[in-house]
Amino acid sequence: RASPRAAKGGCPAGANALACGAVDANRDILARLMAVIESRKQATAEKSYTASLFRGGVDAIGAKVLEEAGEAVAAARETGEAGRAHLVHEAADVIY
């Protein structure tokens, strides 16, 4: 079900404009990330690890996602600013 959109900014009617701006920024980041992934997917496997994962299919991609998720869980156990920074890094790897 689509929500009604305000005339300006693409936010749903009655939505918090600040929150909506954050959503729009996140969509932009994810769109840019997808463009990078698509670009790397087209490269040769020798030049792009991402391309090699795509050529390996669901099993290769799934194994990599599980590996990165495990690293994120391990990083989540770490304390302090170093632990937080490590978790952010590992979470970015999972998203990629």
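Helices here are DSSP runs of H or I with at least four residues, and strands are runs of E with at least two, both numbered from the N terminus; the expected span of a helix is 1.5 Å times one less than its number of residues. The model is a predicted one, in which local features need pLDDT of at least 70 and side-chain atom pairs count only at pLDDT 80 or more, while totals for chains, interfaces and linings use all residues. Residues are numbered from 1 along each chain as its sequence is written, and side-chain values use heavy atoms, with hydrogens and water left out.

The protein chain holds 3 helices and 0 strands, so that from the N terminus its elements read α-α-α. Of its 96 residues, 12% are buried, where buried means under 20% relative accessible area with a 1.4 Å probe, counting protein chains only.

Helix H2 spans residues 49-76, and although it has 28 residues, its end C-alpha atoms lie only 26 Å apart, short of the 40 Å that a straight helix would reach. H2 also bends by about 130 degrees at Gly 57, the bend being the angle between axes fitted to the seven residues ending at a residue and the seven starting there. At the start of H2, a side-chain oxygen of Ser 48 comes to within 3.3 Å of the backbone nitrogen of Thr 50.

The buried residues of H2 include Thr 50, Leu 53 and Glu 68. Glu 68 counts as buried because its relative accessible area is 8%. Beyond its neighbours within four places in sequence, Glu 68 is in contact (heavy atoms within 4.5 Å) with Glu 90, Asp 93 and Val 94.

Definitions and conventions:
Buried means under 20% relative accessible area, exposed over 50%, partly exposed in between (1.4 Å probe, protein chains only). A polar contact is a pair of N or O atoms within 3.5 Å; within protein, one must be able to donate a hydrogen and the other to accept it, and residues adjacent in sequence count only if both atoms are side-chain atoms.
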